[in-house]
Amino acid sequence: MTTHQIALIPGDGIGVDVTRATVSVLKAAADRFGFALQTQGFDWSCDTYLRTGAMMPEDGIAQLRAFDAIFLGAVGWPATVPDSVSLHGLLLPIRKAFDQYANIRPHRLLPGVEGPLKATGFDILCIRENTEGEYSGAGGRVHQGRDNEVATETAIFTRKGVERIIRFGFDQARARRKHLTSVTKSNAQKYSMVFWDEVTREVAADYPDVAVSHMHIDAMAAKMVMAPQDLDVIVASNLFGDILTDLGAAIQGGLGFAASANICPDRSGPSMFEPVHGSAPDIAGKDIANPIAAIWSGAMMLDHLGESEAAAAILTAIETATAQGIGTRPGSHGTGQITTAILNALPS
Ligand code: IPM
Ligand code: MN
């Protein structure tokens with residue numbers, strides 16, 4: 001029997017609630033489909049930071065490397081630790097250290113979920129560059145607090161980094177409806193974004209069967225509201241993808257439904273799976289967080305681990321639950337109730 005080694009980082013706030021829910025569903029699916037999940041929990045969080053002065057130990061990345069995949073709940077507790085500290089101490093270094101350059105985020109309406117739009121038949125896969133661009137961390141501040149203070153934050157785009165994410169996007173498009181939309185802002189940003197457009201055209205030559213559109217980020221924001229059904233795969237830079245995927249979450253009914261996978265495609269390191277939502281301190285520990293985004297992310301993890309039947313069964317179980325109106329509206333059901341409904345809908 002195959003055993004997959006999973007590192008669990010529940011993190012902060014509702015990250016703890018939704019990780020617990022996800023593990024119960026994943027383990028039930030493992031039982032049904034004849035494989036095992038061996039999980040090891042890591043209590044790396046803002047509490048850990050307050051106790052030890054670090055979000056994770058110095059050898060944290062080395063510890064994670066041994067696992068087949070990482071599941072992360074959420075990071076952030078801004079009342080005690082600034083987000084710029086907690087995220088740069090845990091989530092963002094993991095994405096970079098394991099070269100998880102493809103952040104995949106599906107946006108579609110689950111049955112029974114009423115989104116804010118008239119359009120219902122959309123199915124978007126957003127591919128977000130996840131290791132460089134606006135999140136490169138290149139910059140600095142001088143003359144802090146003075147009138148002549150300067151802050152810079154330089155977006156860095158490398159040929160390797162841009163080419164590989166665009167290629168990844170084309171591969172995804174090829175396996176879907178064969179339409180890729182590259183999102184830039186090359187009318188205003190004349191170096192990096194013009195470069196991105198050029199690389200997209202070069203890579204497109206290898207994918208003659210995939211239709212390519214180029215859109216600016218502002219027009220894409222409007223398109224996702226006005227005509228999301230016309231979109232298939234979107235490829236965008238780190239920050240643009242970050243923003244568009246919160247918009248994607250909104251049109252699919254809210255952050256409670258938005259799943260994500262941070263993929264290291266060459267498998268030189270573990271990939272990491274996490275819901276798009278954050279730690280939501282105001283509802284933490286109250287059994288009211290919607291676990292669907294996290295459980296869907298867990299299904300993406302099983303798919304990545306080769307357990308595609310189990311992954312598909314979890315998705316179907318989520319859809320069965322939402323089709324019955326369970327977990328479809330904020331406050332309609334508790335975390336535990338939604339989880340139980342999904343567990344009950346798994347094949348026996
Ligand atoms: C996300 C989050 C993170 C990001 C934050 C918490 C740093 O918003 O995963 O979308 O910007 O990548
Ligand atoms: Mn985000």
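Helices (H or I, at least four residues) and strands (E, at least two) are taken here as DSSP runs, numbered from the N terminus. On that basis, the protein chain of this predicted model holds twelve helices and twelve strands. Because a compact globule of 348 residues would have a radius of gyration near 20 Å, the 20 Å of the protein chain agrees with that expectation; the radius is taken over C-alpha atoms, and the globule rule is 2.2 Å times the number of residues to the power 0.38.

Residues are numbered from 1 along each chain as its sequence is written, and side-chain values use heavy atoms, with hydrogens and water left out. Since the model is predicted, local features need pLDDT of at least 70 and side-chain atom pairs count only at pLDDT 80 or more, while totals for chains, interfaces and linings use all residues.

**Sheet and packed helices**

- Ten strands make up an open sheet with mixed pairing, in the order β2-β1-β3-β12-β11-β4-β5-β10-β8-β9, where two strands pair if DSSP finds at least two bridges between them.
- The edges are held by β2 (36-41) and β9 (211-216), each of which has a single partner strand, so one side of each is left without a neighbour in the sheet.
- From one strand to the next the twist averages 25°, with axes being lines fitted to C-alpha atoms, for helices over the stretch in contact, and angles running from 0 to 180 degrees between N-to-C directions.
- Within the sheet, β11 and β12 pair in the antiparallel sense over four bridges, and Ala 259 stands opposite Pro 275 in β12.
- Helix α7 (residues 192-204) packs on the sheet, touching β5, β8 (179-184), β9 and β10 (233-236), and its direction makes about 165° with that of β8; contact here means heavy atoms within 4.5 Å.
- Helix α8 (residues 217-226) lies across β8, β9 and β10 and runs at about 105° to β9.

- The largest pocket has a volume of about 590 Å³; on a 1 Å grid over the protein atoms alone, a pocket is an open set of points with protein on both sides within 12 Å along at least five of seven lines, whereas a cavity is a set where a 1.4 Å probe fits but cannot get out, and lining residues have an atom within 4 Å of a point.
- Of the 23 residues lining the largest pocket, Ile 104, Leu 125, Gln 172, Met 300 and Asp 303 are the closest to its centre, and the largest share of the lining, five residues, comes from α10.
- This lining of the largest pocket divides into 15 nonpolar, three polar and five charged residues, where Ala, Val, Leu, Ile, Met, Phe, Trp, Tyr, Cys and Pro count as nonpolar, Asp, Glu, Lys and Arg as charged, and the others, Gly among them, as polar.
- The second largest pocket holds about 480 Å³ of space, and of its 23 lining residues the closest to its centre are Leu 87, Leu 91, Tyr 135, Asp 242 and Val 276.
- By class, the lining of the second largest pocket has eleven nonpolar, four polar and eight charged residues.

**Cavities**

- A search of the whole structure finds two cavities of 30 Å³ or more, a volume being the space filled by probe spheres set on grid points that are joined across faces, edges and corners.
- The largest cavity, with about 50 Å³ of space, takes the largest share of its lining, four residues, from α1.
- The second largest cavity has a volume of about 40 Å³ and is lined by Leu 92, Arg 95, Lys 96, Asn 130, Tyr 135 and Asn 238.

Methods: Chains lettered and ligands numbered in written order.
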